[in-house]
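Welcome! Please take a moment to look over the sequence and the model shown here, and then read on for a guided tour.

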Amino acid sequence: MRQLSQSSKTAQKGFFRFYKVNMDKTCPFWADDRQCGTNQCGIAFCDDEVPAGLRRRNAVNMEEPKQETPEEVCVDAGNDIDPMDRTLHDDEKRQLDDMDHHDDGLEDKFCEIEDDESDGMHYVDLSKNPERYTGYAGKSPQRVWKSIYEENCFKPDPKFDKNFLTNPSNFGMCLEKRVFYRLISGLHSAITISIAAYNYKPPPPSLGQFGSQMGTWFRNTEMFAGRFGTKWSWEGPQRLRNVYFIYLLELRALLKAAPYLQNELFYTGNDEEDAETRKAVEELLEEIRSYPDHFDESEMFTGVESHARALREEFRSHFVNISRIMDCVECDKCRLWGKVQTHGMGTALKILFSDLPHSHYKQDSSKFQLTRNEVVALLQSFGRYSSSIMEVDNFRKDMYPEAESPKSSSSSSQQRRKSNKIDL
């Protein structure tokens with residue numbers, strides 16, 4: 001599969017490097033002590049380093065403020081016998097506020113993300129906190145993934161697969177549920193690829209504290225082969241296909257959001273860098289336009305309106321739950337990238353499904369907007385999957401060097417072009 005070289009370059013621009021996040025939210029599902037066993041887990045905030053232009057409230061394609069008009073005075077038509085009762089009790093007002101909150105975009109909210117101005121939100125420079133091995137292992141990450149797969153992922157009909165909990169798969173699911181499962185599997189697989197590509201070998205214990213900085217980073221080919229080969233499970237290659245699947249899904253979302261991105265100034269206060277960022281985004285969009293379109297969101301949530309709406313809401317609520325589980329990850333750096341990638345994927349889903357017949361954006365497309373944090377998360381998430389695909393190719397070269405001869409390389413690339421379509 002052809003990669004887009006511009007994606008990683010764009011993600012390194014100042015506008016996209018700084019992500020605003022609340023790292024102190026407690027796990028909403030169980031108690032956690034957030035203790036990581038290595039110094040690779042921590043991150044540092046960089047609020048003082050962020051360009052002043054990024055600190056303003058920012059949204060892509062935000063509505064222009066409307067001119068205020070004099071408030072009309074409502075005059076009673078003269079019903080003195082049974083006048084209208086305009087009073088509301090406090091509990092009724094709260095209920096109406098909740099209803100307004102739901103109507104104001106909740107049905108298109110795929111992530112549990114706080115407002116940029118909320119307490120506890122801080123900027124993190126993602127370029128200084130790369131996703132890689134941190135030593136985070138054991139019961140805590142197992143619990144997180146178990147919760148995602150067993151409690152928050154769609155399950156197939158038991159008559160098709162009675163062993164889903166021990167060997168998750170998407171066999172026996174409808175289209176929408178297969179897509180959801182592939183999103184979660186692809187996220188899990190991409191994280192695993194990053195850990196294998198940037199693995200860490202600690203120094204010998206005999207060196208004591210003097211050897212704490214003498215560990216080595218290396219590519220763990222054995223780990224990659226074990227997770228994605230067929231030695232332990234037939235699902236290994238399918239897990240890799242799910243990484244490509246998310247790549248194509250987010251690529252489609254970027255293409256669909258192109259009109260919004262082209263209207264954005266990507267303002268940081270540095271005119272030269274802002275111009276470079278706009279040029280980089282335009283070059284990325286040009287690459288995306290030249291790429292064959294493989295993901296078709298119009299195939300999803302079709303059929304009877306009531307059933308489609310209910311299925312879409314189930315899909316959305318499941319994904320919101322998964323974004324909340326990311327607050328249960330004890331390792332800071334792992335939690336950071338879990339939030340970034342689920343936020344990016346949630347933004348892609350918001351873009352793809354915003355114009356469905358039962359989306360409130362369909363009624364008034366002018367209300368559709370993307371915040372700066374959403375754009376950053378989507379670009380960074382897309383960059384992570386692009387990097388994962390590059391690492392898959394690198395691991396293949398490590399494992400099968402003989403397959404990289406000019407002749408075999410040419411035939412294999414022709415085969416990939418013939419079978420480029422990825423089925424849902």
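## Getting started

A residue is called buried when its relative accessible area is under 20%, exposed when over 50%, and partly exposed in between, using a 1.4 Å probe and protein chains only. This is a predicted model, in which local features need pLDDT of at least 70, side-chain atom pairs count only at pLDDT 80 or more, and totals for chains, interfaces and linings use all residues. Residues are numbered from 1 along each chain as its sequence is written, and side-chain values use heavy atoms, with hydrogens and water left out.

## The chain as a whole

The chain contains 14 helices and 6 strands. These elements are DSSP runs numbered from the N terminus: helices are H or I with at least four residues, and strands are E with at least two. Of its 424 residues, 45% are buried.

A contact means heavy atoms within 4.5 Å. Taking contacts between residues at least 6 apart in sequence, 81% join residues at least 24 apart.

Let us begin with helix H4, residues 139-151. Its 13 residues should span 18 Å at 1.5 Å a residue, and the end C-alpha atoms, 17 Å apart, agree with that. The expected span is 1.5 Å times one less than the number of residues in the helix. The buried residues in H4 are Ser140, Pro141, Val144, Trp145, Ser147, Ile148 and Tyr149, and their cover includes helix H5 (175-197) and H10.

H5 has 23 residues and stretches 32 Å from its first C-alpha to its last, close to the 33 Å expected at 1.5 Å a residue. Because 19 of those 23 residues are buried, H5 is largely enclosed by the rest of the structure.

## H10 and its two partners

The axes of H4 and H10 come within 10 Å and cross at roughly 170°, which means that H4 is roughly antiparallel to H10. Axes are lines fitted to C-alpha atoms, for helices over the stretch in contact, and angles run from 0 to 180 degrees between N-to-C directions. Angles under 35 degrees count as roughly parallel, over 145 as roughly antiparallel, 65 to 115 as roughly perpendicular and the rest as oblique. Here Val144, Ser147, Ile148 and Glu151 of H4 meet His318, Ile322 and Ile325 of H10.

H10 also packs against helix H11 (residues 332-352), at an angle of about 160° and with axes 10 Å apart. H10 is therefore roughly antiparallel to H11.

## Residues in loops

Two phenylalanines deserve a look. Phe266, in the loop between helix H8 (258-262) and helix H9 (271-289), has a positive phi of about 50° although it is not a glycine. With 1% relative accessibility, Phe266 is buried. Phe301 sits in the loop between H9 and helix H10 (305-325), where its phi is positive too, about 55°, without it being a glycine. Its relative accessibility is 4%, so Phe301 also counts as buried.

Finally, visit Gln12, in the loop between helix H1 (6-11) and helix H2 (14-17). Leaving aside residues up to four places away in sequence, Gln12 touches Arg17 and Ser127. The C-alpha atoms of Gln12 and Gln380 are separated by 8.9 Å, although these residues are 368 apart along the chain.
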